[in-house]
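Please consider the structure shown below. A briefing on its chains and their contact follows it.

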Amino acid sequence: MQADKIVVKNLDLKIEREHILKNINCSIPEKKITVILGPSGCGKTTLLKSMNRLTDLYSKKIISGAIELNGINIYNGISDINDVRRKMGLLSQRPAPLPMSIYKNVTYGLRISGRRSKKFLKLRVEHYLKQANLWEEVKDRLNTPASSLSIGQQQRLCLARGLAVDPEIILADEPTSALDPLSSKAIEDKFVELKNHYTIILVTHALRQARRIADYIIFMYLGEIIEQGDATEFFTHPKNELTKAYLRGSFN
Amino acid sequence: MLMRATCGIIILVMGLILFTIFRKGLPVLNWQILTSVPKGGYYFGGEGGILNAILGSLYLAIGSTILSLIISLPSALFLNIHLKKHQKLQNTIRLFIDVLWGIPSVVYGAFAFTIMIYFGFRASLMAGIVTVTLFISPIMIRGMDEALKTIPNTLLEAAYSLGSTKYETAYRVFLRQAMPGIATAILLSFGRAIGDAASVLFTTGFTDNIPKSLTQPAATLPLSIFFQLSSPIPEVQQRAYAAAIVLTVIILLISITGRAISFRYSKNDIK
């Protein structure tokens with residue numbers, strides 16, 4: 001039995017009158033790839049964002065329940081949300097590089113936590129860009145703007161930037177949806193490699209992607225968790241009728 | 001077609017204004033006008049120049065732009081980062097600032113003047129700077145606000161997920177991303193500050209001397225133009241146009257440098 005990194009308990013979230021997440025209970029196993037699967041608009045992204053409290057940015061929201069990270073409720077009883085956020089790197093649907101050079105993008109997280117030694121930063125940049133398979137492409141132009149990179153490269157830069165703050169968890173919100181097949185493959189392969197060190201939570205609506213890399217599946221529909229469990233089990237012996245329909249592709 | 005016509009009309013009017021100023025002002029524009037203060041009988045065609053007004057205007061506009069920047073930048077960032085999830089409050093504040101923007105500058109001048117009378121202050125450079133700051137701040141805040149508003153949510157989320165505080169998000173990420181818009185807002189405000197006559201009429205006064213401290217009154221170019229234009233003597237009227245050339249050139253120079261600076265900083269922008 002493996003340890004659970006994140007446990008979500010009775011999470012309920014409403015924005016204005018819309019009930020986005022309905023009584024969510026799930027647990028995310030440590031150092032595995034957990035895929036949150038489901039059709040568009042089922043609350044997958046919201047669930048992901050509630051894990052590092054980016055939901056704080058939503059106006060008119062009512063939230064109840066708890067999300068425990070390493071056993072501590074991040075909605076109650078933590079003093080600094082930034083410490084929590086630093087433990088999680090986020091990859092968004094479209095890459096969001098910061099408006100600065102490639103080099104500074106990677107060092108941003110380190111610099112705001114007070115690491116300033118040039119030598120240290122330089123080594124880290126090389127290390128993390130290599131981890132994200134971007135080093136060879138950008139090593140000669142580290143000081144050019146991040147916006148000059150292609151979308152696929154930007155997404156890998158965002159991965160490097162996220163890894164550089166030394167997180168425990170990687171949150172990925174359909175990170176490959178804006179990418180070409182080759183860049184997507186690169187990101188997927190990277191995830192499989194990274195799961196030895198990080199807990200990865202991936203939101204996707206691509207069934208094939210889930211089949212390829214998932215260890216654990218959380219299947220959502222209309223704000224509820226329909227089924228969750230081990231990936232092989234989920235794909236070979238789905239229990240719920242909705243799941244079976246979704247896997248057959250006869251779903252609307 | 002309509003767009004072309006309207007564009008053409010604007011360029012034509014601008015050209016006409018510039019043409020008039022330069023045709024009337026250029027013949028009398030000389031080194032003496034730029035480098036000396038009015039001597040006795042200047043407004044009746046005597047010797048002298050408008051250095052008092054040039055320096056007065058520059059002091060006033062630079063002072064108030066800096067003061068306004070100190071107020072406006074944090075306000076605009078606060079509005080767009082801290083109040084992100086309070087959209088109602090955000091919009092109410094925007095509405096108020098828009099109303100403040102719409103109030104004519106002479107009202108700001110009158111308002112400041114009543115306060116000055118209450119405390120027994122005399123017209124001075126300081127009073128002028130404060131008044132002009134009050135009336136250019138709404139322009140600056142809303143200009144910056146418009147630039148900051150266009151920043152996509154994903155950038156905010158990216159900054160937060162890296163563990164940035166609101167302060168770091170504001171000054172390390174948002175400021176950079178919105179730099180060109182922010183520079184434009186500053187330039188716009190500077191232009192309004194240096195070009196406005198009504199707000200400084202009561203508060204800054206007018207003098208033929210160069211102000212040596214913040215408590216002394218100061219001359220300004222728009223008022224200098226006004227006083228010279230009201231003279232019945234044609235030569236003095238012509239000098240008003242020379243002063244207008246100076247004002248135009250100052251604004252032009254500031255705009256060009258400002259644009260160059262913002263261009264330099266915008267190369268990192270995420271499109």
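The points below are grouped by topic, after a short note on conventions.

This is a predicted model, in which local features need pLDDT of at least 70, side-chain atom pairs count only at pLDDT 80 or more, and totals for chains, interfaces and linings use all residues. Residues are numbered from 1 along each chain as its sequence is written, while chains are lettered from A and ligands numbered from 1 in the order in which they are written.

**Chain B as a whole**

- Chain B has twelve helices and zero strands, where helices (H or I, at least four residues) and strands (E, at least two) are DSSP runs numbered from the N terminus.
- Its C-alpha atoms occupy a box of roughly 70 × 55 × 30 Å along the principal axes.
- Of the 271 residues in chain B, 39% are buried; a residue is buried if 20 or more other C-beta atoms lie within 10 Å of its own, exposed if 12 or fewer, and partly exposed in between, with C-beta atoms placed from the backbone.
- Among contacts in chain B between residues at least 6 apart in sequence, 77% link residues at least 24 apart; a contact requires C-beta atoms, placed from the backbone, within 7 Å.

- Helix α1 (residues 2-25) of chain B has 24 residues and should span 34 Å at 1.5 Å a residue, which agrees with the 34 Å between its end C-alpha atoms; the expected span is 1.5 Å times one less than the number of residues.
- The number of buried residues in α1(B) is one, so this helix lies largely in the open.
- In helix α7 (residues 153-161) of chain B, the residues L156(B), A158(B), A159(B), Y160(B) and S161(B) are buried.
- The buried residues of α7(B) pack against α2 and β6 of chain A, together with α8 (166-177) of chain B.
- After α7(B) comes G163(B), with a positive phi near 90°.

**Contact between the chains**

- Chain A contributes 27 residues to the contact and chain B contributes 25 residues.
- On the side of chain A that touches chain B, the elements giving two or more residues are α2 (81-86), β6 (88-91) and α3 (102-112) of chain A.
- That side of chain A comprises 14 nonpolar, nine polar and four charged residues; Ala, Val, Leu, Ile, Met, Phe, Trp, Tyr, Cys and Pro count as nonpolar, Asp, Glu, Lys and Arg as charged, and the others, Gly among them, as polar.

**Sheet of chain A**

- An open sheet of four strands in chain A has the order β2-β1-β4-β5, with antiparallel pairing; two strands pair if DSSP finds at least two bridges between them.
- The edge strands, β2 (18-29) and β5 (72-73) of chain A, each pair on one side only.
- Strand β1 (residues 4-15) of chain A is joined to β2(A) by eight bridges, and the bridge partner of K14(A) in β2(A) is H19(A).

Note on methods. Two residues are in contact if their C-beta atoms, placed from the backbone, lie within 7 Å.
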